Amino acid sequence: GAHYNLAQVLTAEGDAEGALQHFREAARLFPGAPTFWRDLGRAEAQLGRWEAAIEAYGKATEDEDCHADAKQERALAREKAGRAAEAEAAWRKLLAAAPLMPMPRNHLVAILAERGDLAEAEQVAAAGVAAAPGHADFHHNLCTVRSIRGDVKGALAAFRRALFLEPSRVE
């Protein structure tokens, strides 16, 4: 635990490289501690070392019932590493397991929209609104997709609902 604790302090002080060394040592000494692997993944990601982050997050998530945060961060690292198909599959799996979790839905909608699969993107966004009508992110996703599709009236309605739910979205 001492290496892990030192890595936390170094992270707080902004010494990413020093923290990384101690996170690696903590994970080596305690290979069965998923939190150590997750935080090692975070340290690698902070430095833009996406492949190393993916590997560390993988060790943190070997237990399927553990660390949804690390699973999301691993999917994001896959996106950053240019592993689009793997990232999409991971976001779909996370969304199926936790349909009210915003990050998987947000990223999946973005991936589909960027690829031009606007009908599916709208379907995924609308499913979020149906599942959690009080969640501003889901309305914002729906607004974005409808805007891209040219449905100004539908986009405006969704954005108004997002603003009603979360007025701080006005920038």
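A search across the whole of this predicted model turns up three aromatic pairs. Such a pair of rings is described by how far apart the centres lie and by the angle between the planes. For Y4 and F23, the ring centres are 5.7 Å apart and the planes stand at 65 degrees; an angle over 60 degrees counts as edge-to-face, so this pair is edge-to-face. Y4 and F23 are both buried.

A further pair is formed by F30 and F36. Here the ring centres are 5.7 Å apart and the planes meet at 90 degrees, so this pair, too, is edge-to-face. The two partners can be set side by side by their accessibility. F30 has a relative accessible area of 39% and is therefore partly exposed, whereas F36, at 13% relative accessibility, counts as buried because the limit for that class is under 20%. Taken together, Y4, F23, F30 and F36 are joined into a cluster by ring pairs.

Attention now turns to the packing of two helices. Helix α5 spans residues 68-80 and helix α6 spans residues 84-97; their axes come within 8 Å of each other and cross at roughly 155 degrees. Angles over 145 degrees count as roughly antiparallel, and α5 and α6 are therefore roughly antiparallel to each other. The crossing of α5 past α6 is left-handed.

Which residues of α5 meet α6? On the α5 side they are K71, Q72, A75, L76, R78 and E79, and on the α6 side their counterparts are E86, A87, A90, W91 and L94.

One of the α5 residues, L76, deserves a look of its own. L76 lies in helix α5 and is partly exposed, its relative accessible area being 26%. Leaving aside residues up to four places away in sequence, L76 touches W91 and H107; W91 is among the α6 residues that meet α5.

Key:
Residues are numbered from 1 along each chain as its sequence is written. This is a predicted model: local features need pLDDT of at least 70, side-chain atom pairs count only at pLDDT 80 or more; totals for chains, interfaces and linings use all residues. Side-chain values use heavy atoms; hydrogens and water are left out. Axes are lines fitted to C-alpha atoms, for helices over the stretch in contact, and angles run from 0 to 180 degrees between N-to-C directions. Helices (H or I, at least four residues) and strands (E, at least two) are DSSP runs, numbered from the N terminus. Angles under 35 degrees count as roughly parallel, over 145 as roughly antiparallel, 65 to 115 as roughly perpendicular and the rest as oblique. A crossing is left-handed if the near helix is turned anticlockwise from the far one by less than a right angle, and right-handed if clockwise. Contact means heavy atoms within 4.5 Å. Rings of Phe, Tyr and Trp (its six-membered ring) pair if their centres lie within 6.5 Å; planes under 30 degrees apart count as stacked, over 60 as edge-to-face and the rest as tilted. Buried means under 20% relative accessible area, exposed over 50%, partly exposed in between (1.4 Å probe, protein chains only).
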